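Here is a short briefing for a first look at this structure. Keep the sequence and the 3D view open while reading.

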Amino acid sequence: MRVVMKFGGTSVGSADAIRHVARIVADSHREHEVVVVVSAMNAPDLRTTDTLIAAAKAAAAGNGEATGEVAPRLLDLHLRAAAELASPEECAALEPELQAMLTYLSNLSHSIAVLGELTPRALDLFSGLGERLNARLIAAALRSAGLAAEAVDATRLIVTDEHYGSASPLMDETRATSRAVLEPMLAQKIVPVVTGFIGATRAGVPTTLGRGGSDYTCGILGAVLEAKEVWFWKEVDGVLTANPKVVPEARTLPRLSYNEMGEMAYYGANVLHPKTVRPLVQQKIPIRIRNTFNPAHPGTIINGTDMPGTARAVTAINDASLITVGGPGMLGLTGVAARIFGAVARVGANTLLITQASSEQSVCLAVPRAEAAAAVTALRAELAGDLSSHNVEHVEVLDQVVIIAVVGSGMRGTPGIAGRVFGALGNVGINIIAIAQGSTENNISLVVAASDGDDAVRAIHHSFDL
């Protein structure tokens with residue numbers, strides 16, 4: 001079958017890790033058509049993308065030598081890995097290719113320093129170089145392991161809009177270009193090693209895909225190539241019922257629905273972000289999450305099927321703040337909710353949870369703690385007239401709270417789930433500050449004090465015997 005697989009983060013962070021990748025690709029290639037998507041190489045002491053972005057910003061501040069200073073370290077990182085993974089002939093061909101890319105950016109740094117400005121378009125060139133370097137290294141490693149492999153820049157495949165830094169794919173054009181480039185390679189049993197995170201505009205100007213960009217690349221290619229499955233290789237045995245650092249007995253979930261994946265990702269679990277896999281969900285293409293360093297483990301498969309049972313997992317968002325806007329004059333005050341959320345949105349704060357009592361006398365919303373101060377200032381400015389007339393009595397913030405989410409598609413229509421959750425917390429003396437549940441019943445969310453967060457997760461996990 002046709003499989004698109006993505007390796008990122010720790011999976012491509014060293015020569016030893018890439019050796020694991022090469023074995024996995026070779027084993028998969030014996031049975032399947034394989035397209036590989038890779039992230040940048042991030043060693044513990046040298047994170048490629050962060051280093052390049054820092055150099056770009058230093059250039060904008062006037063240091064035109066910034067990229068030239070880090071380029072030898074980045075070249076050495078990749079060539080040392082190549083020496084362990086690839087033949088001498090491959091290494092000899094790889095070095096000038098990587099050197100040319102780094103030299104180009106070093107020259108660009110001088111221009112940025114002269115202008116004193118780093119445009120989003122220029123920053124995308126820096127941000128995406130790590131993937132381009134690593135794709136060539138991994139392709140060389142695969143060839144040295146006996147596979148036909150070729151590095152492919154996703155600028156040839158993924159056509160995007162011009163929203164630099166967080167571009168969106170133009171799917172019809174991307175489908176045409178990706179198939180034209182990749183399907184002849186697959187027909188010749190060549191493994192394409194594609195750069196994650198990057199694309200290009202219709203005019204060929206490089207862009208990046210924003211948060212989760214390498215995962216997004218994999219999702220896009222899986223959809224346009226009509227893959228039978230898409231595999232995301234990480235450093236964990238799939239999706240767990242809870243954070244194992246909090247709940248040591250947490251176990252791998254063999255299967256999740258798309259809805260459960262979305263709920264868990266939003267509430268802090270180490271799961272794929274819904275945006276990055278939306279193209280796959282729309283086409284109902286199954287997704288697997290597997291462990292690069294334990295490939296024998298089947299991992300977790302994610303598809304459109306709701307699973308039996310009730311709660312499946314417990315996740316948490318730490319470092320949140322709860323903002324309450326309240327007052328008896330809010331009863332029947334037309335449009336106040338829209339004004340509250342509009343004010344929060346204008347300062348870029350992300351609303352994580354909303355709850356409102358039927359009395360309409362208060363609205364609570366949770367935001368990341370780092371964004372709370374700006375949100376409160378914006379709310380007080382927006383509601384200044386209502387505060388002075390006492391229609392709104394207060395805008396208060398409670399710092400240091402945790403949002404706990406109990407997730408499971410099987411909870412829908414099952415009586416007593418909320419009672420079990422609240423009872424579990426009551427039994428260990430944890431006070432619930434706020435509660436929210438949507439009509440889909442896939443998720444019961446509640447807010448507790450930060451000091452109670454880990455105990456709350458453990459108590460709920462134990463209550464449902466997850």
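At what angle do the axes of helix 5 and helix 6 cross? The axes of helix 5 (residues 120–127) and helix 6 (residues 129–144) cross at roughly 25° and come within 5 Å. This is a predicted model, where local features need pLDDT of at least 70, side-chain atom pairs count only at pLDDT 80 or more, and totals for chains, interfaces and linings use all residues. Residues are numbered from 1 along each chain as its sequence is written, and side-chain values use heavy atoms, with hydrogens and water left out.

**Helix 5 and helix 6**
- Helices (H or I, at least four residues) and strands (E, at least two) are DSSP runs, numbered from the N terminus.
- Axes are lines fitted to C-alpha atoms, for helices over the stretch in contact, and angles run from 0 to 180 degrees between N-to-C directions.
- Helix 5 and helix 6 are therefore roughly parallel; the cut-offs are under 35 degrees for roughly parallel, over 145 for roughly antiparallel, 65 to 115 for roughly perpendicular, and oblique for the rest.
- L125, F126 and S127 of helix 5 make the contact with L129, G130 and E131 of helix 6; contact means heavy atoms within 4.5 Å.
- By class, three nonpolar, two polar and one charged residues form this contact.
- Ala, Val, Leu, Ile, Met, Phe, Trp, Tyr, Cys and Pro count as nonpolar, Asp, Glu, Lys and Arg as charged, and the others, Gly among them, as polar.

**Helix 4 and its surroundings**
- Helix 4 (residues 88–115) packs against helix 2 (residues 48–60) at about 35°, with the axes 7 Å apart.
- On the helix 2 side are L52, A56, A59 and A60; they meet L105, S109, I112 and A113 in helix 4.
- This contact has seven nonpolar, one polar and no charged residues.
- The 28 residues of helix 4 should span 40 Å at 1.5 Å a residue, which agrees with the 41 Å between its end C-alpha atoms; the expected span is 1.5 Å times one less than the number of residues.
- Buried residues of helix 4 include E90, C91, L94 and L98; buried means under 20% relative accessible area, exposed over 50%, and partly exposed in between (1.4 Å probe, protein chains only).
- Their cover includes helix 2, helix 3 (66–85), helix 5 and helix 6.

**Nonpolar cores**
- A nonpolar core is a set of buried Ala, Val, Leu, Ile, Met, Phe, Trp, Tyr and Cys residues joined through side-chain atoms within 4.5 Å.
- The largest core has 59 residues, and V4, L182, V194, L221, M264 and I403 have the most contacts inside it.
- Helix 8 (residues 213–224) gives the largest share, six residues.
- A second, separate core has 58 residues, including F7, I18, A82 and V193.
- M264 is also one of the buried residues of helix 9 (residues 258–266).
- Among the residues that M264 touches beyond four places in sequence are V239, L240, A313 and V407.

**Single residues to check**
- H390 has a positive phi of about 65° although it is not a glycine, and H390 lies in the loop between helix 13 (384–388) and strand 17.
- Q400, in strand 17, is another residue other than glycine with a positive phi, near 60°.
- Q400 is partly exposed, at 45% relative accessibility.
- R175 sits in helix 7 (residues 171–187) and is partly exposed at 24%.
- Leaving aside neighbours within four places in sequence, R175 is in contact with V224 and Q283.
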